[in-house]
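Please read them with the structure open.

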Protein chains: 2
Amino acid sequence: MKRRDLLAALALPPLAALVPGCAQTPALRGTGDLGLVVERAAGSVVVVDTSARAVLGRVGGLGDLSHASAVFSRDGRYAYVFGRDGGLTKVDLLERRIAGRVMQAGNSIGGAISADGTLVAAQNYTPGGIKVFDAATLALVADVPAEVAPGQRSRVVGLVDLPGRRFAYSLFDADAIWITDCSDPAAPKTTKLGGIGRQPYDALVTPDGRHYVAGLFGEDGLALVDLWAEPLRARKVLSGYGRGQEPLPVYKMPHLRGWAVAGRRAYLPAIGRHEVLVVDTESWQEVGRIAVAGQPVFVMARPDGRQVWVNFAVPDYDRVQVIDTLTQQVVQTFSPGKAVLHLEFTPRGDAVWISSRDDHRVSVVDTASFTTLATLAVDSPSGIFFTSRANRLGM
Amino acid sequence: MKRRDLLAALALPPLAALVPGCAQTPALRGTGDLGLVVERAAGSVVVVDTSARAVLGRVGGLGDLSHASAVFSRDGRYAYVFGRDGGLTKVDLLERRIAGRVMQAGNSIGGAISADGTLVAAQNYTPGGIKVFDAATLALVADVPAEVAPGQRSRVVGLVDLPGRRFAYSLFDADAIWITDCSDPAAPKTTKLGGIGRQPYDALVTPDGRHYVAGLFGEDGLALVDLWAEPLRARKVLSGYGRGQEPLPVYKMPHLRGWAVAGRRAYLPAIGRHEVLVVDTESWQEVGRIAVAGQPVFVMARPDGRQVWVNFAVPDYDRVQVIDTLTQQVVQTFSPGKAVLHLEFTPRGDAVWISSRDDHRVSVVDTASFTTLATLAVDSPSGIFFTSRANRLGM
């Protein structure tokens, strides 16, 4: 019997199928240019390649993604997607499948990953508090209820990572900012700052990890904590800024995480007004206002800080404007599509990806020429997140 | 004949070897936590994993790596290693093999990659000029000789990437700074700034891509170009800084690329003196000096800017010092090993990797506690480069 016939007689399955880990293995590739776009309505994400400007595939079954966000493992292979329904899903961007999933709360509003990449934390409305998971296994390693009185918990907002396995967050119902150190996850230590101002509704940390800033819903102004100072304390800044005394209708609360810090200035969405506020980050005083085309939602700096891009609430949400930070002027206004929900810059800022929910389109725009480099078909796209976030503080 | 016996009779090679692209394919993994360490004496690099804090493998045959540096493809899979002998080697970090190599000059001193990741540029002493290569194929796409008189070329130093396929560099022998726009690589356009000061010997661009700063060997001071201003011009700053009138012996010229920018301050190695200079990056005036343990070589900021780490020239090159930028005090002094040549921070700054050439060791140190987390055996290690550099301007 000839060798060829022997092989035929054996009716061998395709060779690749016999080799563990080979047959279904996608081609080897880097992960530095990967990302995902949330398909808000379908409960799925598409994995994208920012070099090819293309959709690589889709991963479904992620639950309610109506206010979803994502963080990334430090190797860039996995995304952790936080769903509104409390689902936390670990998505393998290379194999494009769900690598793990837990229902960790009833109502959740995002999360963070520790600076060393070992811990993933979720901020929850119901039950109020944060939960911390092993980034590899999604096993629960710490549970910090935001208990403000016996049996009474606060909703948690504005969760960010700080250096050293620490997380900062705000308690909407308790006028507090808490900082939890999970160096030993079995015994988390929480520093509690009370009386920081009424109803913190969102927050951010500056790119250097120094200043934690919470927006206040219940009064004018913002609460600021200098995380490099000892002892930690919150102080009130920008008393003219806040929502409290604001008579104008607010169509959508701005996202504080979208705040742009460029050089020593921060660019903030005014609440209710068609303005972007300019703030000096040393004095935390307002130093200017820039008129824009609507109520700003996201105000985001290109990574080099030379430009700030702005999208808007209803009814101006088909538009995007670009501010030149050197001249403080709007230098570009355009309409990439209906219902612009989010923007994400490529790591070095040569391009920006923009989601237009109601046109089911993501546009890739050159930030120097403002030409559209590509458009991608995505079902009701909302948040766009690139793996380069793994390398940045407070993302 | 039983199936098992049939298989034995066939003396099949390992199944994996029969499947194209499988047998030699390493396991699928992300590239966000990869990097390389140059083995200066052996002409090789080791590929490292910053999550496992381990050496994954070695790639040899890279030529003279006595002053080698590296940049990374935007997907994080490939390193471009610039050798002193003019060799440009593309290393596949996943497969741990040479993916391409060209001898592009006789004497070279480093390179850069364009913001969009498509072009790799090398700066050359002999013949003087820059050469630009297709990042995918290493095909030469542009050659810009630094011709300063008929038949006379300058050595090129201080090459950095700028936004928009542009590169800035300095001409040591022509007292000039050139900026070449390779938007159309077939027709590069070069802006030439002359009379910038005598003998620029190295340069950097600030992390926001705005200021290009060249150190001067032939006179006191530095040449500064504000790349956001029109028209471009160079001006002299820090006239007390330079090498020109310096009577002290200089054991090793500091690396300007190592300069730390933290907040609005830059920390610079003093030349010849046991000091780190503190400079305000708005006025470009000196605002302080910090006494350190020797002549500083690299002065590098932790990514959050809270700490600045310093290594030293002979005879103090076994030591490392850490400056707290809030208090401007040295807060730590230690000796990780003999002949500390380079430092590299993990992307979010939780750890730093330090090469000790004469102890053939790389130490991984926790930047909060200063404890040594791991030591790796590496042959005469010099430069350490992590893939996160792909996401940053001017690296």
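1. Cavities first, and the terms they need. On a 1 Å grid over the protein atoms alone, a cavity is a set of points where a 1.4 Å probe fits but cannot get out, and its lining residues have an atom within 4 Å of a point. Grid points are joined across faces, edges and corners, and a volume is the space filled by probe spheres set on the points.

2. Ground rules. This is a predicted model, in which local features need pLDDT of at least 70 and side-chain atom pairs count only at pLDDT 80 or more, while totals for chains, interfaces and linings use all residues; side-chain values use heavy atoms, with hydrogens and water left out. Residues are numbered from 1 along each chain as its sequence is written, and chains are lettered from A in the order in which they are written.

3. The second largest cavity. It holds about 70 Å³ of space. From chain A, the lining takes A:Gly32, A:Asp33, A:Thr50, A:Pro347, A:Arg348 and A:Asp350. From chain B come B:Arg74, B:Ala115, B:Ala390 and B:Asn391. By class, that makes three nonpolar, three polar and four charged residues. For the classes, Ala, Val, Leu, Ile, Met, Phe, Trp, Tyr, Cys and Pro count as nonpolar, Asp, Glu, Lys and Arg as charged, and the others, Gly among them, as polar.

4. The largest cavity. How many cavities reach 30 Å³ or more? The count is six. The largest has a volume of about 130 Å³. It is lined by 20 residues, and A:Gly32, A:Asn391, B:Gly32, B:Thr387 and B:Asn391 are the closest to its centre. The lining has 14 polar residues, four charged and two nonpolar.

5. Salt bridges. The term means a side-chain nitrogen of Lys or Arg within 4 Å of a carboxyl oxygen of Asp or Glu. Over all chains, the structure holds 44 of them. One of them joins A:Arg264 to A:Asp280, at 2.8 Å from N to O. A:Arg264 lies in the loop between β22 (260–262) and β23 (265–269) of chain A, and A:Asp280 lies in strand β24 (residues 275–280) of chain A, so the pair ties together parts that are 16 residues apart in sequence. Strands here are DSSP runs of E, at least two residues, numbered from the N terminus.

6. Are its two ends buried or partly exposed? A:Arg264 is partly exposed at 25% relative accessibility. A:Asp280 is buried at 13%. The cut-offs are under 20% relative accessible area for buried, over 50% for exposed, and partly exposed in between (1.4 Å probe, protein chains only).

7. A:Arg357 meets A:Asp358 at 2.7 Å, N to O. A:Arg357 is partly exposed at 22%, and A:Asp358 is partly exposed at 35%. A:Asp359 meets A:Arg361 at 3.5 Å, N to O. A:Asp359 has a relative accessible area of 28%, and A:Arg361 has 27%.

8. Strand β24(A) is joined by six bridges to β25 (residues 285–291), and the two run antiparallel. Two strands count as paired if DSSP finds at least two bridges between them. A:Val278 stands opposite A:Gly288. Four residues separate the strands of this hairpin, and A:Trp284 in the turn has a positive phi of about 55°.

9. One open sheet of chain B. Its four strands have the order β30-β31-β32-β33, with antiparallel pairing. The edge strands are β30 (340–345) and β33 (372–377), each pairing on one side only. Neighbouring strands are turned by 20° against each other on average, direction ignored. Such axes are lines fitted to C-alpha atoms, and angles run from 0 to 180 degrees between N-to-C directions. Five bridges join β30(B) to β31 (residues 351–356). B:Phe345 has B:Val352 as its bridge partner.

10. Another open sheet of chain B. The order of its four strands is β3-β2-β1-β34, with antiparallel pairing. At the edges, β3 (54–59) and β34 (381–386) each have a single partner strand, so one side of each is left without a neighbour in the sheet. Strand β1 (residues 34–39) and β34(B) pair over four bridges. B:Gly35 stands opposite B:Phe386.

Methods. On a 1 Å grid over the protein atoms alone, a cavity is a set of points where a 1.4 Å probe fits but cannot get out, and a pocket is an open set with protein on both sides within 12 Å along at least five of seven lines; lining residues have an atom within 4 Å of a point.
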